[in-house]
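Student: Could we work through this fold together, taking the overall make-up before the details?

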Amino acid sequence: MKQPLVSIVMVNYNHEDFIGESIESVIAQTYENWELIIVDDGSTDSSPEIIRKYAAREPRIRPCLQDRNRHICAATNIGFANVTGEFVARLDSDDVWCARKLEKQIQYMREHPEGALCFTKLDIIDGNGKIVNESQDVLYQIYNGREDGKKGWIRHFFFYGNTLIQSTLLMKREVLDETGGFNLAYMQGHDFDFFVRAILKYDFIFLEEPLVKYRRTEVQNSAWNDDNNRRFFNEHMNIRYHFFDNMPDEMFKEIFRDDFVNHDSSTHEELLCEQAFLLCRCIHEKESNPVLGLKKLEELMQNPDIADLLEKKFHYTPKDYYQQSVRPLFVTDAILGELENLRKLCPMLNDQIVALRSANQDISGQLQRQQEEITKLRETINRMEQSKSWKITKPLRNIKKTLDKC
């Protein structure tokens, strides 16, 4: 049987330290019918030269060297536009594949034809290629965690976000054709958005074997600054806002029925209301920030019929909306200023905590020594009380009464 062609899309930006190892892991694949499309996104290091050298001696490598940096989504879409294979895989230029990764995934997808996207388990490595699963245990468990089928994954995506890593993915070409490429609006949530769109139409399957080494470095960790954290949150919220846009009503009812305000909601208008209420608690299933739901409710209340439906069936009136909207929903300069002040206070508070703990230890030590002295004195008195001499026991009994009050 002829092996189907696998198109591998690798995007690189300034990964001169790692891209060679990533390319080598593709060349070492036991599955040989592949093409590696490397999109260099305007790197300023030696990455382009490294890519050219590999392409010169390996005809299956197709370099796409860009003259300027446009970032991950635009660069990946360039790679997607050049695929010719029946299957498509993604590999970040600092990650590494095990030699049988493609072979095993292709075989697994043959055995499970219902799956259009196949993921594997992974090991986490550091900048030196050392496996650090134990020291990165939280991330290791998250990235290798699994949900219960399509319903479980859709709910997980909605309430919690994405925990799947692109470098483990192999998918049928039709998924890319039907789902489309990456949304250029997303810098950090592009894969999350793609997976949300894909799972509405296709089934995910999982080969539970660690066939990818996913690299975590100090550079990546330090990249989680305030700007990136806010952007990450904003992108995830925007993806959630559009979460139900292309979801059929029957699928929505099947997956989220248990979360309905009214369990018997069934008409399209009633389901729109349920979606708005769900968006109010899309962050970990809690109404910590209902801004997305309020936005949807605002749109719905413009329709007099739905406004009437909200009041009659859901007992939700404009007054309820006003009560929700009194909460802080958006980040303002004043809030950012308060956060900055809190950050400045943290070191001082930490010093105070350390000082209080030290003082508490001193006080505890003093109390313990006093207690030991009292115990010794009680023992002495108890021994002396055994004497039959009235002259001795009478004053000692008075002392004992005093000590009993301590």
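This is a predicted model: local features need pLDDT of at least 70, side-chain atom pairs count only at pLDDT 80 or more; totals for chains, interfaces and linings use all residues.

Tutor: Residues are numbered from 1 along each chain as its sequence is written, and side-chain values use heavy atoms, with hydrogens and water left out.

Student: How many helices and strands are there in the protein?

Tutor: Helices (H or I, at least four residues) and strands (E, at least two) are taken as DSSP runs and numbered from the N terminus. On that basis, the protein has 17 helices and eight strands.

Student: What percentage of the residues of the protein count as buried?

Tutor: Buried means under 20% relative accessible area, exposed over 50%, and partly exposed in between, using a 1.4 Å probe and protein chains only. Of the 406 residues of the protein, the buried share is 44%.

Student: In what order do the strands of the open sheet lie?

Tutor: Two strands are paired if DSSP finds at least two bridges between them. The eight strands form an open sheet of mixed pairing, in the order β3-β2-β1-β4-β7-β6-β8-β5. Each of the edge strands pairs on one side only, and these strands are β3 and β5 (96-97).

Student: Which strands does β2 run parallel to?

Tutor: Seven bridges join β2 to β1 (residues 6-12) in parallel, with V6 standing opposite W34. On β3 (residues 61-65), I37 stands opposite R62 and I38 stands opposite P63.

Student: Which hand does the crossover from β2 to β3 have?

Tutor: A crossover is right-handed if, with the strands pointing away from the viewer, the path from the first strand over the helix to the second runs clockwise. β1, helix α1 (residues 19-27) and β2 make a β-α-β unit of this right-handed kind. From β2 the chain passes through helix α2 (residues 47-57) to β3, and this crossover is also right-handed.

Student: How many of the residues of β2 are buried?

Tutor: On one side W34, L36, I38 and D40 are buried, and on the other E35, I37 and V39 are buried, which leaves both faces covered. For strand β2 (residues 34-40), the count is seven of its seven residues.

Student: Are α13 and α14 parallel or oblique to each other?

Tutor: The axes of α13 (residues 291-301) and α14 (residues 304-313) come within 7 Å and cross at roughly 120°, where axes are lines fitted to C-alpha atoms, for helices over the stretch in contact, and angles run from 0 to 180 degrees between N-to-C directions. In α13, L297, L300 and M301 meet I306, A307 and L310 of α14, contact meaning heavy atoms within 4.5 Å. Angles under 35 degrees count as roughly parallel, over 145 as roughly antiparallel, 65 to 115 as roughly perpendicular and the rest as oblique, so the two helices are oblique.

Student: Which helices do the buried residues of α11 pack against?

Tutor: In α11 (residues 249-256), the buried residues are M251, F252, K253, I255 and F256. Their packing partners are α6 (149-159) and α12 (268-280).

Student: Is Q188 buried or exposed?

Tutor: Q188 lies in the loop between α7 (173-179) and α8, and its C-alpha is 9.1 Å from that of C73, although the two are 115 residues apart in sequence. Because its relative accessibility is 17%, Q188 counts as buried.
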